[in-house]
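Student: I'd like to learn how to read the packing of helices, sheets and domains. Could you walk me through an example?

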Amino acid sequence: MEIKIRKDIVKTDYLIIGGGVAGLQSAITAAALGVDVLIAEKADTRRSGSGCGGNDHYMCYIPECHGDDFQKVLSEIGEGMEGGPWQDPAMLKKMMLRTKSIVERWESYGINMKPTGEYRFEGHTMPDRQCYHLKYDGHNQKMCLTKEARKNGAKIMNKVFINDILTNDEGRAVGAIGFSLAEDEPEIIVFQAKAVLVATAQAMRMYPNVNPAFIFNTHSCPAAAGGAAIAYRAGAKLVNIDVPYRHAGVKGFARSGKATWFGVLSDINGDSISPFTDKPDRKRGDAMMDIYPGIFGDRLESAQGPTYMNCTSYTEEDHAYQHQQFQCEGIDSITDYLDQRGIDLHKSMIEFGTYDYSLAQRGIDIDLNAGTNVPGIYAAGICCGNVRGNITSASVWGDIAAESVAEYVKTIPEYDVSKHPLIQQRADFYNELMNRQNGAQWLEANSSLQVIMNDYIGLKVRSEDMMRAGIKYLADLKSYAKKEIGCEDAHQLMRTMELFDLIDLAEAVAITSRNRKESRGMHKRIDYTFTNPLLNNKFQTIRKTPDGEVILEWRNKVK
Amino acid sequence: MPPVIDKEKCVDCGTCAQICPLDVIRYAKDENGKKHVVVKYPYECWHCRACVKDCPKDAITMRYPLSHMMFAMEIPEEKKN
């Protein structure tokens, strides 16, 4: 068979890759500013992305609730879950100042930001600190954002996987190439655009998870697989991907949303192990998980014992409240599971675990306008590497990107992409994959990718020899996978191209980790055990030139 | 298979296949050209329950695989409320 290429090039001024919270917010704002905007989403924007089922916490600064001391706000946030050294302080500042406006707009879109009738802040908070996480009901947020985007005139193409950004000889973004998943037979679609937003999620499935045999049991939506690689291949810088971050939550049934639980972290006897609390605290939660998500793994590995979320001393009202909040957060599969298996939180504690490394908030390096080093490529959301803030970050930087793009597209002429060489290259490769009989399965290669990353570019300890071997094995894996994988339908072709995205990112993780010749945070080198003060306040970036040369650089944090 | 579709209730409207974030459920044609929903890639299910929630006929339930078991521990008797 020969894969069809859609005859008409899809033309738009602003192409958004990924219709999650970042992509939809950007589309809403851009369309309101009169920009011709199109979202390409591989699933359906009503139910896709990290916020697919909902959210219950939105980190924000509302002066009438938090006071006018903005420095205090930044300092307290800087020490909580969304803090830490791996973000540009200037980005955090700009982000927080825009949050009130987003909260008000979301309310107007039909998302219930005040379920109790007023702004209420809960969770993710250490004792004696203000709460900055607005407790809201986001169960319908993706529907509301989708509706608002369409109302403003944004176009949405669902079931379209974007594989690559097209750049021209000057090195600016001029379009993209992808394919439709609507039918079993893929159809290649070429896009012509003046600006592109990469608004994909974090890379899941690069490291083994709680049960390595089941690759989709991940804490965040496993549909997200390395979209940052799209920007990287087009020349955009990635940042901070050498410093691992690990999330935590329910152990066997991996799921983000740990702060929706407000019980006490306890040992097997039901005794608190938290320095912050020994009784359930609905207002603050147990911030231990935020500042030390590795605690679960560390306690298991040292045989101190399993660590449990203990809700057994909740009041009946607490139980009902948490049950309802799971729906707002979109993690009601947890309660459905507990009901089906007859597990009663009045009597039983649930073990929590530390999860795999997932490139959450490690990725594309963006500036204060949500732009990258490549003209015409913008990025927003959890695929960015120098901002934190999860859904807050997604909505704010999507919004900022839209404003930047509205100005940028006025200055850019149309560029005809119909003869772009990447179109034929991609088509040839898809045809090879789709026509290969008795080929390897993409899953086989994804499994090996996880073994290589775990064993050689691991989370426990790293060294020159280990990473040198890992880089060699990744190259071998990529080469074998290109020559051997076969796909039967559009779905498998998508998973295969996601795999190649993951391998590209894995190589970048390995190269930057090898180049960080020190130990810092979770990057532990057995051959460089010290922390080099000369690298304080510096971020490492990696990019590829059009010739494929890898450039590693260090830059100062933007204060 | 994680999403279990009750074929007695299902009207093959395709909603679940359209909204599934993981493309687990496909809307495929049979030999007569009629479209049916099929749980084609069950091992890629993330149990988000979008299909359960959005099914207009309440025809879908979740089966949670044993590979995803939660680890629960009863607290000692004397600590119970």
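Student: Which residues of α9(A) meet which residues of α10(A)?

Tutor: A:H323, A:F326 and A:Q327 of α9(A) touch A:D332, A:I334, A:T335 and A:D339 of α10(A). Contact means heavy atoms within 4.5 Å. Helices (H or I, at least four residues) and strands (E, at least two) are DSSP runs, numbered from the N terminus. This is a predicted model, where local features need pLDDT of at least 70, side-chain atom pairs count only at pLDDT 80 or more, and totals for chains, interfaces and linings use all residues. Residues are numbered from 1 along each chain as its sequence is written, chains are lettered from A and ligands numbered from 1 in the order in which they are written, and side-chain values use heavy atoms, leaving out hydrogens and water.

Student: How is such a pair described?

Tutor: Two packed helices are described by the angle between their axes and the distance between the axes. For α9 (316–329) and α10 (332–341) of chain A, the angle is about 130 degrees and the axes are 7 Å apart. Axes are lines fitted to C-alpha atoms, for helices over the stretch in contact, and angles run from 0 to 180 degrees between N-to-C directions. α9(A) and α10(A) are therefore oblique to each other. Angles under 35 degrees count as roughly parallel, over 145 as roughly antiparallel, 65 to 115 as roughly perpendicular and the rest as oblique.

Student: How do α13(A) and α14(A) lie to each other?

Tutor: The axes of α13 (442–456) and α14 (464–484) of chain A come within 9 Å and cross at roughly 170 degrees, so α13(A) and α14(A) are roughly antiparallel. Among the residues in contact are A:L449 and A:I452 of α13(A) and A:L474 and A:L477 of α14(A).

Student: What order do the strands of the open sheet follow?

Tutor: The order is β7-β4-β3-β11-β18 in chain A, with parallel pairing. Two strands pair if DSSP finds at least two bridges between them. β7 (155–157) and β18 (377–379) of chain A are the edge strands, each pairing on one side only. From one strand to the next, the twist averages 20 degrees.

Student: And how is the size of an interface given?

Tutor: The size of an interface is often given as the accessible area lost when the parts come together. Between domain 1 and domain 3 of chain A, about 4300 Å² is buried, and carbon and sulfur atoms give 67% of that area. Buried area is the accessible area (1.4 Å probe) that two parts lose on being put together, summed over both. In domain 1 of chain A, A:Y207, A:Y232 and A:D242 lose the most area to domain 3 of chain A, together 18% of what that side buries. Domain bounds come from an automatic or database domain assignment.
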